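Colleague: Hi! I'm new to this one, so could you show it to me and walk me through some of its contacts?
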Amino acid sequence: MRVRLTAAVALSALLGLTACGGGDAGDSDGPVSLRMTTWSANEAHLALFNEIAEEYKKANPNVTEIKFDPIPFENYTTTLTTQIAGGNPPDLAWIFENSAPDFVSSGALVALDDTLKGTDGYAFDELTPAATKLWQDEGKLYAYPFSTSPFGVFVNTDLFEKAGRETPAELIAAGRWTWDSAVAAAAAVNAETGKAGLVIRDFDYKGWDNLSTVWTGWGAQAWSEDGRTCGFDQQPMVDAMTFLHKAIFTDKALPAPGTTADFFAGDAGMTITQISRASLLADQKFGWDLVPLPAGPNGDYAVIGQGGMGVLRKGDNAKVAADFLAFLTNPTNSAKLAQFFPPPRQSQLTAETLAKTNPLLKPEQLQSVVIDGISSGVVKPSHTGQAEISQAVRAALDPLWQPGADVRTVLTGVCTQIKPLLDR
């Protein structure tokens, strides 16, 4: 309950920023130091960010420091909003798709349109409408969607060979890459090798929105498109969660609560995550592959996670921060970032272009997982008041993660808990 209240209070403070008065922070005439929060502490990601920052500083000597400040994924948004509420906002922030409605609607961010459109060679019109939609309010863009990344399935082909199972690539070729076959294969990997079968990365029985990578295959939704009707108690969600519960507790295809397994350390046959994690495979010794999500009863589908880069209005150097963001995301640097983060620029969304900066991935993998996924995928759940809703869903789902759970009763309880929050 303490965590829930902390998140809710922090978000309330964030949403109250506009009411507190004041406009964009004035920039100092002296040396400028910028700080950007990010959820990733990946060395390759930070090295690229710092490389681009050094180029910017050379052209802008008044900017003496650009610091990228990693915050752990598990409590990223809570920590960020607490910093803002506490009067220590970063100049720029990496924002998750699930908190985009709160940040965009709150007045906490600087509108970027004028800066980006006024930057020579920026090609603002190249940004795809599908990528920018979540980050807009009344026609203004409040964060740059630097990463529009579909989820895929990374596969340890060595473990599949040891288990004597067809690989997902072979199942795809045979037209049998479905959730039924995926769970059967994952269960076999666990039984034959002692390793985990399938890991939904960043879920760990806490990050429930990552389960949208599964339930979307049943046509399920956390809530309706207008955000007012709970979807957890609807039949598609009941069917999807019943399937998942069986996969965990009966088939042993996924690690049970309290058990962890790192695919990238060779401890699992498959993991669901985004291509930005591919860099973790650079020095691995096992064979691996990347394939799309399995088909569900509703057919083929894709789920997208988005990351936005925004400038905080209450930062000390909002104008300089916006200028740096324009440099960081211009066409040249967007192509560099595409090594990890699929770009929103239409001209760069080709297998040939992405392959230049993604040497670990084959063009066919980039096409089937990334490009096709972006064209057809749905974004992970997001809603205003997301922090409080997310904590309520997590708490209400806790009874589901035990062998004898009554799935329908638990999911009905989720809706009971979040309906008042959806109605706000």
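Modeller: Happy to! One term before we start: buried means under 20% relative accessible area, exposed means over 50%, and partly exposed is in between. Also, this is a predicted model.

Colleague: Thanks! So is D251 buried, exposed or partly exposed?
Modeller: D251 counts as partly exposed, because its relative accessibility is 24%. Its side chain meets that of K246 in a salt bridge, 3.1 Å from N to O. K246 is also partly exposed, at 43%.

Colleague: How many salt bridges are there in the whole structure?
Modeller: A search finds 14. One of them joins the side chains of R277 and D202 at 2.6 Å, N to O. That pair links distant parts of the chain, 75 residues apart: R277 sits in the loop between β8 and β9, and D202 in the loop between β7 and α10. R277 is buried at 10%, while D202 is partly exposed at 25%.

Colleague: Switching topic: at what angle do helices α2 and α12 pack?
Modeller: About 115°, with their axes 10 Å apart. The crossing of α2 past α12 is right-handed.

Colleague: Nice. Which residues meet there?
Modeller: From α2 you have F49, I52, A53, E55 and Y56, and from α12 V320, D323, F324, F327 and L328. Eight of the contact residues are nonpolar, two are charged and none is polar.

Colleague: What else is E55 linked to?
Modeller: E55 belongs to a network of salt bridges with E51 and K336. Helix α2 also holds both K57 and E54, three residues apart, and their side chains form a salt bridge at 3.0 Å, N to O.

Key
Residues are numbered from 1 along each chain as its sequence is written. This is a predicted model: local features need pLDDT of at least 70, side-chain atom pairs count only at pLDDT 80 or more; totals for chains, interfaces and linings use all residues. Side-chain values use heavy atoms; hydrogens and water are left out. Axes are lines fitted to C-alpha atoms, for helices over the stretch in contact, and angles run from 0 to 180 degrees between N-to-C directions. Helices (H or I, at least four residues) and strands (E, at least two) are DSSP runs, numbered from the N terminus. A crossing is left-handed if the near helix is turned anticlockwise from the far one by less than a right angle, and right-handed if clockwise. Contact means heavy atoms within 4.5 Å. Ala, Val, Leu, Ile, Met, Phe, Trp, Tyr, Cys and Pro count as nonpolar, Asp, Glu, Lys and Arg as charged, and the others, Gly among them, as polar. A salt bridge is a side-chain nitrogen of Lys or Arg within 4 Å of a carboxyl oxygen of Asp or Glu. Buried means under 20% relative accessible area, exposed over 50%, partly exposed in between (1.4 Å probe, protein chains only).
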